[in-house]
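Please take a moment to look over the sequence and the three-dimensional model shown below. The paragraphs that follow lead from the chain as a whole to individual residues.

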Amino acid sequence: STVAMPGKIPKSKPLAKESADAFYSDASIMIQSAFRRYVATKEVNKQRSMFKRRTNIAHELRETERTYVNNLRLLSEAFLIPLENVPAKILADLQSNLHLIGSIVKVILSYHEIILKKIEERLDTWSPCTKLGDIFMEMSSYLKSYTQYVAYYQPVLRVLRSRKNDAQLQQILSNLITENCRGKGLKDFLIMPIQRLPRYNMMLEDLVRKTDERHCDFANLSAAHKKIVAVCEHVEETSDHASRIEKKMELAAKIVFPKDQPIVLAEPHRQFLWNAACIVTTSFPVNKTHLLKKKTTMYAFSDLFVFCEDSSKSDSQKAILTLELENIMMFRAFRAVETDVSKTIMVRLEHGDVKIEELPPKPSKDLEDFFVQHAAENLKDEEAAANERRRTVQIRRNTSELLPTEFRESTRSRAGTQTSFQPTASTPAPSSSSKSRFSKTISSKSLKRTLSVGKFSKDRITKSVSKEEISSAPETPSIVKSRTTDRLQNLSDFMRRSNKRSTTLRKKKPKKEKS
């Protein structure tokens, strides 16, 4: 035994080489096993967390779908069907659009009842391998019917807003509200289908994010998400376009223009863009009275800018200045160094300048982008027109090179062939006031056809015809020799010489070499 002396550490004996290798081998195995156990535990916890989140999303989808189907039933049974029995005199322009919306709501309701039934069946047997992607794939084709609903929803909403002071209509709508409606009216139920589409997109996006890429349902969920995003974008564009049309129609009935400016806002090509409050100043008299500097409301259209003064009447506005896009010669935006928002905008017309101030940031940026885009489109159109002109000149030059040198100049200038007709016994003599010669233009196609079919003589052009055609043809007037006739004769001689030369070359045989 070894006795340790105080203050001294005993020296350990060195291990043998074989025992050292075995020790390090066992240690590496233990480390690898511990690392694999850590990675596997982390992956299992991740899969459990993702499955829990997917379960929550699936239950949320089922609950919200039940609520949505119940609301669609209330919209149809409590509002749309009873309104069909209301006299047409009371509903007036609401009746046709409400009838169309009622038919679309019935179709949408039948679709979502089928989808709700399938979702409930999947959740009854829910497991980590349960699929929902095929249901969303089927739903994406159903959701296209929402575009028609959006197109009819905007006119109904506009009429309801315009008739909010109609006591008789408001009384009828309030009587239709039942206990199941929970205090919600017709407007609240009509907007629910439009709010439902973004909800589907958000839940499906969250479901794709919480599904592993190796999951059996990941491919279907990703494809369904792309389709539903496309449908939502299309419906949003349709809704935006319909709302702009309704806003344009509302402003057309609301804005009053001066008598010397007969402007019709409800033109089919005109689109409403935005409106904002601003201060407008002019360097020329408006309405031939005085210079303008006033706080107004600016309405921007695709080809028109209307400035209206604020009125106490909510149903009408007076237009005090109108700027047409085609009359604007120059546009300038002045902004501060530290910001990108234009504080002052100058517009130059033929008869003066217009200064627009105190526009909100977003309308100011939209107005600047609008003029920049318009200038880019004009530049593109000018370049296309210039390219077309260069292409036309190149085609003309290539066509002229097909003819001999003496005929190119006449082809480029498109000179017509002048043919003089002498009056015969059947042709009445021309009066002193009329021209003594008749000009006829021969196009390049006619010239090629004449060269291929006709025959050239000394002073006339004749065509190969049969004896029957000669006997039945009417007597044609004689043709007097002109410059064009001389040119055609020269062309005929040129072609004849070329043919003779080629024939002579073919007849010549190569001489045999002397042996």
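A residue is called buried when its relative accessible area is under 20%, exposed when it is over 50%, and partly exposed in between, with a 1.4 Å probe and protein chains only as cover. By that rule, buried residues make up 32% of the 515 residues in the protein chain. The model is a predicted one, in which local features need pLDDT of at least 70 and side-chain atom pairs count only at pLDDT 80 or more, while totals for chains, interfaces and linings use all residues. Residues are numbered from 1 along each chain as its sequence is written, and side-chain values use heavy atoms, with hydrogens and water left out.

Contact means heavy atoms within 4.5 Å. Of the contacts in the protein chain with a separation of 6 or more, 65% join residues 24 or more positions apart.

Two packed helices are described by the angle between their axes and the distance between the axes. Helix 3 (residues 94-124) and helix 5 (residues 146-162) pack at an angle of about 145 degrees, and their axes are 9 Å apart. Here the axes are lines fitted to C-alpha atoms over the stretch in contact, and angles run from 0 to 180 degrees between N-to-C directions. Residues of helix 3 including Leu98, Ile101 and His112 meet residues of helix 5, among them Tyr149, Tyr152 and Val156. By class, this contact of helix 3 with helix 5 has 15 nonpolar, 3 polar and no charged residues. Ala, Val, Leu, Ile, Met, Phe, Trp, Tyr, Cys and Pro count as nonpolar, Asp, Glu, Lys and Arg as charged, and the others, Gly among them, as polar.

Which residues does Asp212 contact, leaving aside its neighbours within four places in sequence? They are Gln47, Met50 and Phe218. Asp212 lies in the loop between helix 8 (192-209) and helix 9 (218-254), and counts as buried because its relative accessible area is 14%. A polar atom of the Asp212 side chain is 2.9 Å from the backbone nitrogen of Arg214. Gln47, in helix 1 (residues 17-83), is partly exposed at 31% relative accessible area. Gln47 and Asp212 are 165 residues apart in sequence, yet 7.9 Å apart in space, C-alpha to C-alpha.

Another side-chain pairing involves Glu309, found in strand 4 (residues 304-309). The side chain of Glu309 makes a polar contact with the side chain of Lys294 (2.5 Å). A polar contact is a pair of N or O atoms within 3.5 Å; within protein, one must be able to donate a hydrogen and the other to accept it, and residues adjacent in sequence count only if both atoms are side-chain atoms.

Most residues other than glycine have a negative phi. Arg182, however, has a positive phi near 55 degrees; Arg182 lies in the loop between helix 6 (167-175) and helix 7 (186-190) and is exposed, with a relative accessible area of 75%. Glu358 also has a positive phi, near 60 degrees.

Technical notes:
Helices (H or I, at least four residues) and strands (E, at least two) are DSSP runs, numbered from the N terminus.
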